[in-house]
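Hi there,

Here is the structure I promised to pass on to you. Have a look at it first, and then read my notes below.

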Amino acid sequence: MTSEYAVEMRDVVKRFITPEGNELAAVDHVTMQIKNGEFFSMLGSSGCGKTTSLRMIAGFEWPTEGEVYIEGKPMGHTPPFQRKVNTVFQSYALFQHMTVFENIAFGLEMEGAEKDEIQKRVRHSLDMVQLTGMERRRPKQLSGGQQQRVAVARSLVKVPDVLLLDEPLGALDLKLRKEMQLELKALQQQLGITFIYVTHDQEEALTMSDRIAVMSKGKVQQIGTPVEIYERPSNRFVADFIGESNFFEGTIKSLSKNEAVVHIPALNAEVTALPVSDGLVKEEAVVVSIRPEKVRIAEKSNTNANMFQGKVSNTVYIGTDTHVYLDVNGAKLKVYEQNRISRLDPKSFYTVGQEVWLMLMPENTLVLKKD
Amino acid sequence: MFQRLRENKSAQGTLLAFPTMVWMIALLIIPLLLTLIVSFGRRSPDGGVIYSFSLENYTRLFGYSTDCDNGASACFNPLYVQILWRSLTLAFNTTVLVILMAYPLAYFIARAQPKRRNTFLFLVLIPLWTNFVIRVYAWMMLLRKEGAINLIIGQVAHWLHIPFQPLELLYTPGAVLVGMVYEFLPFMILPIYTSLEKIDNSLYEAAADLGANAVKTFLRVTLPLSMPGVVAGTILVFIPVMGTFIVSDILGGRQVILVGNLIQRQFLDARDPTFGSAASLILMVLTLIVTYFYTRKFGFGEEIVVA
């Protein structure tokens with residue numbers, strides 16, 4: 001491996017003609033660098049351009065503009081069968097007319113590998129995905145999870161530089177999906193192969209990834225580690241898409257590197273907060289975001305800044321947390337409190353109509369661009 | 001009674017199958033038995049049937065003859081065996097040619113944009129709107145000495161100053177083959193198209209992804225997955241070609257006699273229903289044997305591929 005980056009997309013644009021005859025940029029000036037050995041996810045809702053990006057890396061689509069590099073080499077119009085990347089398809093795309101063994105051996109036969117070597121490597125990759133003994137079954141005779149493993153084994157047996165996975169767990173039930181997430185992550189760490197993983201499931205992306213690219217409308221919104229994405233979203237879209245947030249629109253009144261004071265009309269107050277988005281300026285209309293679990297409910301006001309009085313409008317017990325819905329000067333705010341104590345005693349809940357004080361810690365109160 | 005019927009699934013099935021069963025028994029099983037009985041009979045001088053148990057018709061079909069040149073009491077007459085063999089090879093050749101022509105077209109239609117596929121399928125079906133016999137006659141117009149093909153070649157030859165004698169195209173085995181291929185092509189295109197259309201695009205991508213070029217993808221993925229269509233089409237083409245007599249009658253004249261013509265002439269011209277019945281049964285048995293071995297090797301085309 002000569003290049004620092006396993007895959008690089010430089011200013012890639014992919015335009016399609018819609019059935020109505022309009023031009024649509026499915027991928028709109030996307031640039032990203034994926035490091036060797038990294039578990040990289042592209043996260044976004046359907047139509048955000050994540051799958052199209054993946055397909056351009058695989059070679060099923062060619063960029064309209066820009067260039068895809070694999071191991072430092074520009075790919076141009078290189079067909080899929082000449083790229084050292086392999087894909088695990090959403091539908092698995094197993095060959096129904098072949099056995100499990102033949103499916104996995106297919107890629108090696110195309111390379112012209114010797115029979116003995118094929119035997120050995122197919123066995124080994126079956127071991128890897130814990131499907132030993134299933135060689136002679138047909139894909140139809142396997143469960144969804146097993147088919148998924150065959151698809152992974154079929155791609156990994158070729159020892160690609162990069163493994164591309166297009167929502168591979170989408171068809172599995174929740175429990176199996178969680179198991180497979182950890183298994184895939186372990187497999188990736190064990191093999192050291194770069195994985196590029198496409199998903200619309202934020203929890204999946206957070207669980208597995210070293211880094212995540214959050215995408216929307218063909219553009220990259222943010223690239224960062226799971227912690228960065230969650231704790232320091234670069235704009236409102238990311239804060240809204242990943243996890244939940246309370247948003248308040250406001251105007252920046254004063255601004256320094258580590259602190260901004262934002263006037264929020266809905267709260268009729270000025271809030272001290274952390275400027276996060278790039279390129280914020282004074283008097284800019286912005287949005288202030290705070291995660292529900294980061295709001296603190298206190299019984300009494302003390303002298304700290306960012307204290308607000310509110311009224312409890314509802315509480316919902318969901319097992320791990322209690323969700324408290326509050327009314328602050330007519331603005332709605334939600335707070336998630338972890339149930340560290342037993343809630344068996346009804347008195348341990350806030351009562352509807354109860355007056356409480358809320359504290360928004362400045363380091364958790366983020367000033368973000370509106371879009 | 002209705003209550004009981006509602007609970008009894010197999011009775012429901014029988015009831016639903018009843019009309020078809022009556023139809024099949026009355027119009028297939030009984031006539032077939034009659035044919036069998038007649039085939040063992042003897043022709044009466046006025047063209048009727050004398051019922052008996054005689055294998056004469058069958059031995060005659062397979063070449064036993066008492067009408068010999070050299071005065072011998074029995075000899076081998078290959079006429080009917082030749083007819084059977086000709087029918088078999090023609091059906092085989094037709095099927096192979098039809099597969100070779102239908103497959104690329106079916107592939108092209110299956111890979112076309114979904115909106116345009118229906119248009120193409122419609123075009124494939126258009127010839128079927130015209131009567132079978134009329135379409136065969138149209139070929140006669142094309143193939144005869146003064147026909148369109150000879151006219152065109154003659155005109156080209158005239159321009160190039162090459163001497164030209166009109167080609168004898170009509171009433172040749174080739175004419176019959178062309179007619180058969182033309183008549184039965186749609187019956188191969190449709191099943192192949194259906195099985196190709198079912199193949200998910202991601203399977204082609206997976207093959208390419210795993211290192212297969214276009215040729216290998218076709219041989220290892222596309223072709224095996226479309227075999228059910230080829231098998232179904234083969235059954236739909238081979239069996240009727242074995243039995244039909246119209247194409248050979250019109251385009252083959254007296255030159256190309258197939259089993260179908262033989263049977264037809266026994267009933268209508270020679271007035272020997274017993275020999276005609278025997279030939280019919282032999283045709284059926286021959287077709288069954290070929291179909292049996294073919295489907296034993298390739299299946300019935302029922303393994304629908306789910307991508």
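**What I found**

In chain B, 30% of the 307 residues are buried, where buried means that 20 or more other C-beta atoms, placed from the backbone, lie within 10 Å of the residue's own. Please keep in mind that this is a predicted model: local features need pLDDT of at least 70, side-chain atom pairs count only at pLDDT 80 or more, and totals for chains, interfaces and linings use all residues. Residues are numbered from 1 along each chain as its sequence is written, while chains are lettered from A and ligands numbered from 1 in the order in which they are written.

Chain B has 13 helices and four strands; these are DSSP runs numbered from the N terminus, with helices being H or I of at least four residues and strands E of at least two. Its radius of gyration (taken over C-alpha atoms) is 25 Å, well over the 19 Å from the globule rule (2.2 Å times the number of residues to the power 0.38), so chain B is more spread out than a compact globule. The C-alpha trace of chain B spans about 85 × 75 × 35 Å along its principal axes.

Now for the meeting of the two chains. Contacts, meaning C-beta atoms placed from the backbone that lie within 7 Å, link 17 residues of chain B with 19 residues of chain A. On the chain B side, α9 (201-209) and α10 (214-243) each supply at least two residues, and α9(B) gives the most, with six.

Enjoy exploring!

Key. Two residues are in contact if their C-beta atoms, placed from the backbone, lie within 7 Å. A residue is buried if 20 or more other C-beta atoms lie within 10 Å of its own, exposed if 12 or fewer, and partly exposed in between; C-beta atoms are placed from the backbone.
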